Amino acid sequence: MFDRYNREITYLRISVTDRCNLRCRYCMPEEGVESMRHEDILSFEEIAEFVRRGAAQGITKVRLTGGEPLVRKGIVGLVHMLAQIDGIEEVAMTTNGILLEKFAPKLKEAGLSRVNISLDTTDPEKYSYITRGGDIDAVFRGIDAALKHGLTPVKINCVIRHSEDEEDAQLVTEFAKTKGLKVQYIHQMDLETGSFSKVKNGEGGNCRSCNRIRLMANGCVKPCLFNPKGFNVRQYGFDEALQLAVENKPKSGSKNQTGAFYKIGG
């Protein structure tokens, strides 16, 4: 499955929920946001069916995001469903780690390959400030659980303002060294202005080699995070929504004034 610029599309990111158990300052307002209606959220069966159609067209890797994917009831069952689909070689997850200690063994048993864990500082007070009350010790326990149960390689997603030389990023770097973790440094993005850059030590943000599309929790298939276009599977059907997303994948990202990270699963 190739787009107009001869990029092979093999990677599907799935936002399974717009809900989150944190309120990170760069992601959403303190009062939270209006949640999607329950009836607008894709069922696990619908998600699995879309992945089956995608796998038949060349999708080999799936990553579950949110919101926070571990707050969606039954998430372990979804992992098991996706891991059984022919052609899917890897099911991964991006999580804030707060609930990972509880879920790590069940996720591994269900077929989850590995996790990325968001961590922007190792200072408890700063972490609580950034996340508006998050418990960093729960994240540390989640990281240990991921390592213990083989959800590896465990990668850390660290949001930075300017560079990895910032104090908080350096704290994360030193912590990662003690655990044998890889750190991906992600510049704080702005959907509306189109401000984004390539992830350091990662693949995100490199438009020339982008091989991904995104399925939002409400069924909208997005060709690009930094683009307003989307094609809902309930309107177009699974196959046509997939085809339209691939056909409309832009050469590079621009702006998106119709979405938000907590809904899209950046």
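**Close-up views of salt bridges and a helix pair**

**View A. The side chains of Asp-18 and Arg-19 meet in a salt bridge, with N and O 3.3 Å apart.** A salt bridge here is a side-chain nitrogen of Lys or Arg within 4 Å of a carboxyl oxygen of Asp or Glu. The model is a predicted one, in which local features need pLDDT of at least 70 and side-chain atom pairs count only at pLDDT 80 or more, while totals for chains, interfaces and linings use all residues. Residues are numbered from 1 along each chain as its sequence is written, and side-chain values use heavy atoms, with hydrogens and water left out. Asp-18 is buried, at a relative accessible area of 3%, whereas Arg-19 is partly exposed, at 37%; buried means under 20% relative accessible area, exposed over 50%, and partly exposed in between, for a 1.4 Å probe and protein chains only. The structure holds 15 salt bridges.

**View B. Arg-234 and Glu-46 form a salt bridge in which the closest N and O atoms are 2.8 Å apart.** This pair links distant parts of the chain, since Arg-234 belongs to helix 7 (residues 233–236) and Glu-46 to helix 1 (residues 44–56), 188 residues apart. Helices are DSSP runs of H or I with at least four residues, numbered from the N terminus. Arg-234 is partly exposed, with a relative accessible area of 41%.

**View C. Glu-49 forms a salt bridge with Arg-53, their closest N and O atoms lying 2.6 Å apart.** Both residues lie in helix 1, four residues apart, which is about one turn of the helix. Glu-49 is partly exposed at 22% relative accessible area, and Arg-53 is partly exposed at 27%. Salt bridges that share partners join Glu-49, Arg-52, Arg-53 and Asp-239 into one network.

**View D. Helix 2 (residues 75–83) and helix 3 (residues 100–110) pack at an angle of about 20 degrees, with their axes 8 Å apart.** The axes are lines fitted to C-alpha atoms over the stretch in contact, and angles run from 0 to 180 degrees between N-to-C directions. Helix 2 and helix 3 are therefore roughly parallel to each other, a term that covers angles under 35 degrees. The contact, meaning heavy atoms within 4.5 Å, is made by Ile-75, Val-76, Val-79, His-80 and Ala-83 of helix 2 together with Phe-103, Lys-106, Leu-107 and Ala-110 of helix 3.

Methods:
Helices (H or I, at least four residues) and strands (E, at least two) are DSSP runs, numbered from the N terminus. Angles under 35 degrees count as roughly parallel, over 145 as roughly antiparallel, 65 to 115 as roughly perpendicular and the rest as oblique.
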